[in-house]
Amino acid sequence: NKEWEVRQGALLALKYTVIVMKSVVKNESDEYHQESLLVSRQVAIQCLEDRSDDVQSTAAQVLMALIAGGEQVLERQDIVRKAINPLWSSLEAVRFVSSCTVDLVRLFSTLISRDCALVLASLNMESSVWGVLGRILN
């Protein structure tokens with residue numbers, strides 16, 4: 001798919017926009033700020049299942065930028081609920097170490113450290129988590 005570079009470039013711009021917004025915007029109750037972060041999250045979650053490793057990697061980086069910092073617990077739980085299944089699908093598809101493996105595993109580790117019970121309940125398959133992670137790490 002030849003358009004992967006465009007998708008990755010757009011996600012990179014989004015990643016840095018999120019980082020700047022989170023550091024510059026002081027009024028997080030601002031409607032424009034909230035809407036921008038919501039759209040960023042939706043785009044990144046959708047791109048977790050892209051066919052391009054580079055796009056998946058950058059999508060994981062965008063979500064890491066959204067999770068980092070002082071967001072509210074409810075927002076983090078919402079990210080966990082919405083991102084875990086697309087992220088898990090991408091992790092299951094990893095057959096060898098690729099350019100996105102580190103970022104996908106880092107995002108998974110961050111989500112599971114934020115709310116382990118919610119991640120495992122969302123996946124509804126605790127035993128296979130360790131099988132997939134073992135295959136990736138070997």
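How much accessible surface does the protein chain have, and what share of that surface belongs to carbon and sulfur atoms? In this predicted model, the accessible surface of the protein chain comes to about 7,700 Å², and 56% of that belongs to carbon and sulfur atoms.

If you then colour by burial, buried residues account for 41% of the 138 residues. Among contacts between residues at least 6 apart in sequence, 69% join residues at least 24 apart.

Next, select residues 4–24, which form helix α1, together with residues 31–47, which form helix α2; the two pack at an angle of about 145°, with their axes 11 Å apart, and their crossing is left-handed. Showing side chains here brings up L11, L14, V18 and M21 on the α1 side, which meet residues of α2 including H33, L37, V43 and C47. Sorted by class, this contact between α1 and α2 has eight nonpolar, three polar and no charged residues.

Now move to the largest nonpolar core, which holds 35 residues, and select L48, L63, L87, F108 and L111, the members that touch the most others. Elements giving two or more residues to this core include α1, α2, α4 (73–93) and α6 (116–123), while the largest share, eight residues, comes from α3.

Finally, centre the view on L111: leaving aside neighbours within four places in sequence, L111 is in contact with I67, I79, V80, A83, I84, L87 and V119.

How values were computed:
Residues are numbered from 1 along each chain as its sequence is written. This is a predicted model: local features need pLDDT of at least 70, side-chain atom pairs count only at pLDDT 80 or more; totals for chains, interfaces and linings use all residues. Side-chain values use heavy atoms; hydrogens and water are left out. Axes are lines fitted to C-alpha atoms, for helices over the stretch in contact, and angles run from 0 to 180 degrees between N-to-C directions. Helices (H or I, at least four residues) and strands (E, at least two) are DSSP runs, numbered from the N terminus. A crossing is left-handed if the near helix is turned anticlockwise from the far one by less than a right angle, and right-handed if clockwise. Contact means heavy atoms within 4.5 Å. Ala, Val, Leu, Ile, Met, Phe, Trp, Tyr, Cys and Pro count as nonpolar, Asp, Glu, Lys and Arg as charged, and the others, Gly among them, as polar. A nonpolar core is a set of buried Ala, Val, Leu, Ile, Met, Phe, Trp, Tyr and Cys residues joined through side-chain atoms within 4.5 Å. Buried means under 20% relative accessible area, exposed over 50%, partly exposed in between (1.4 Å probe, protein chains only). Accessible areas come from the Shrake-Rupley method with a 1.4 Å probe; for residues, only the protein chains shown count as cover.
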